[in-house]
Amino acid sequence: MLERFFKKPVVLFTFISTFILVCILIAAFVVLSPYDSADKWPRAVYIKNGDSLGVIAAKLEKNQIIRSGKLFKWFSLLLGKNSRYKKGEYQFDHPVSAFELAEILEAGKTKLLSITLPEGLRMTEIFSVLNKKSYENQG
């Protein structure tokens with residue numbers, strides 16, 4: 001019975017179009033909705049200079065900031081923001097949507113660090129303190 005149903009080109013086209021539309025809507029929901037997990041917020045991710053979009057998306061997925069790295073990668077490519085993401089350490093205190101995440105990464109809204117330098121340090125000692133603080137926050 002199904003064979004006769006799918007022999008009509010209009011019916012087959014409608015079925016395939018509907019299936020593709022449903023897949024696109026599901027993918028859009030997965031990409032655009034925030035990662036809704038009640039545990040372990042805030043979350044942080046460190047993006048190095050030269051990290052590709054694939055690496056950035058994988059880090060975001062690994063840290064459970066986004067649901068799918070591959071879909072976020074395609075979403076970024078569609079928005080044209082793939083080469084505009086800035087390096088740095090990003091901290092997320094709550095779930096964010098894909099749009100918000102793309103804006104944060106593009107604007108470079110990184111986590112602010114607080115560093116206390118004692119009086120009387122020489123420049124080489126200041127550089128040493130800054131370097132040590134930098135490595136502590138990357139790990």
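Predicted model: local features only at pLDDT ≥ 70, side-chain atom pairs only at ≥ 80, totals over all residues.
1. Helix H3 covers residues 53-62 and helix H4 covers residues 69-79; the two pack with their axes 8 Å apart, at an angle of about 135 degrees. Angles over 145 degrees would count as roughly antiparallel and 65 to 115 as roughly perpendicular, so H3 and H4 are oblique to each other. Their crossing is right-handed.

2. From H3 come Leu 53, Gly 54, Ala 57, Leu 60 and Glu 61, and they meet Gly 69, Phe 72, Lys 73, Ser 76 and Leu 77 of H4. By class, the residues of this contact are five nonpolar, three polar and two charged.

3. Two of the contact residues turn up again in the core: Leu 60 and Phe 72. The largest nonpolar core has 20 residues, and Leu 60 and Phe 72 are listed among those with the most contacts inside it, along with Tyr 85, Tyr 90, Phe 92, Leu 101 and Leu 105. Strand S1 (43-47), H3, H4, strand S2 (88-92) and H5 each give two or more residues to this core. H5 supplies the largest share, five residues.

4. Helix H5 deserves a look of its own. Spanning residues 98-107, H5 has as its buried residues Ala 98, Leu 101, Ala 102, Ile 104, Leu 105 and Glu 106. Glu 106 is charged by class, yet it is on that buried list. After H5 comes Gly 108, with a positive phi near 75 degrees.

Terms used. Residues numbered from 1 in each chain as written. Heavy atoms only, no water. Axes fitted to C-alpha atoms, helices over the stretch in contact; angles between N-to-C directions. Helix = DSSP H or I, 4+ residues; strand = E, 2+ residues; numbered from the N terminus. Parallel < 35°, antiparallel > 145°, perpendicular 65-115°, else oblique. Left-handed = near helix turned anticlockwise from the far one by under 90°. Contact = heavy atoms within 4.5 Å. Buried < 20%, exposed > 50% of the residue type's maximum accessible area, 1.4 Å probe, protein only. Core = buried A, V, L, I, M, F, W, Y, C linked by side-chain atoms within 4.5 Å.
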